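The following paragraphs lead through one structure step by step. Please keep the sequence and the 3D view at hand while reading.

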Amino acid sequence: ASMIARVEEILDAHKGMEGALLPILHAVQAEFGHVPEAALPVIAEALVITKAEAAGVMSFYHDFREKPAGRHVLKLCRAESCKSVGADALADHARGKLGLDWHETSKDGAVTLEPIFCLGLCACGPAALVDGKLVGRLDAAKLDAIIGGLK
Ligand code: FES
């Protein structure tokens with residue numbers, strides 16, 4: 001089925017649901033790995049909101065991506081507890097090392113760098129999620145080793 005046909009099925013499954021936008025965006029991203037740009041007007045129309053409103057919600061929640069991710073996704077915790085133990089410096093280190101800013105994917109398609117806001121691992125910060133796996137007590141050396149393994 002085409003992407004739009006699949007999005008329409010997802011919309012049907014959420015018909016009449018209150019606050020359906022977030023579950024719909026989650027379902028679309030689960031299906032395609034991102035929320036395709038062409039899906040937004042279809043979703044907006046079904047929910048009788050503007051495309052700008054839908055796009056605004058998407059960017060407010062950091063979970064949604066507009067483009068397909070790389071083969072690996074490195075999410076660094078940017079929330080308070082991790083910040084208090086050096087997450088900012090670590091984020092700068094990662095961005096420099098990868099040559100990527102937030103939400104960017106390396107040219108070879110190996111890594112996407114994303115922020116995340118608390119992984120529930122605050123006692124072992126700075127924390128990260130590497131391809132869905134929790135990693136705690138990060139430091140520059142550990143991060144370099146992780147990045148080196150993302151091919
Ligand atoms: Fe980073 Fe909670 S603040 S895991």
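In which helix does A44 lie? A44 belongs to helix α3, residues 39-47; helices are DSSP runs of H or I with at least four residues, strands are E runs of at least two, and both are numbered from the N terminus. The model is predicted, so local features need pLDDT of at least 70 and side-chain atom pairs count only at pLDDT 80 or more, while totals for chains, interfaces and linings use all residues. Residues are numbered from 1 along each chain as its sequence is written, and side-chain values use heavy atoms, with hydrogens and water left out.

A44 is buried, at 3% relative accessibility. Buried means under 20% relative accessible area, exposed over 50%, and partly exposed in between, with a 1.4 Å probe and protein chains only. Beyond its neighbours within four places in sequence, A44 is in contact (heavy atoms within 4.5 Å) with I49, T50, K51 and A54. L21 is 23 residues from A44 along the chain, and their C-alpha atoms are 8.7 Å apart.

Next come the cysteines. C82 is buried, with a relative accessible area of 3%, and C118 is partly exposed, at 38%. The whole structure has zero disulfides, a disulfide being a pair of cysteine sulfur atoms within 2.5 Å.

Finally, the lining of the largest pocket can be sorted by class. Nine of its residues are nonpolar, five polar and seven charged. Here Ala, Val, Leu, Ile, Met, Phe, Trp, Tyr, Cys and Pro count as nonpolar, Asp, Glu, Lys and Arg as charged, and the others, Gly among them, as polar. A pocket is an open set of points on a 1 Å grid over the protein atoms alone, where a 1.4 Å probe fits, with protein on both sides within 12 Å along at least five of seven lines; lining residues have an atom within 4 Å of a point.
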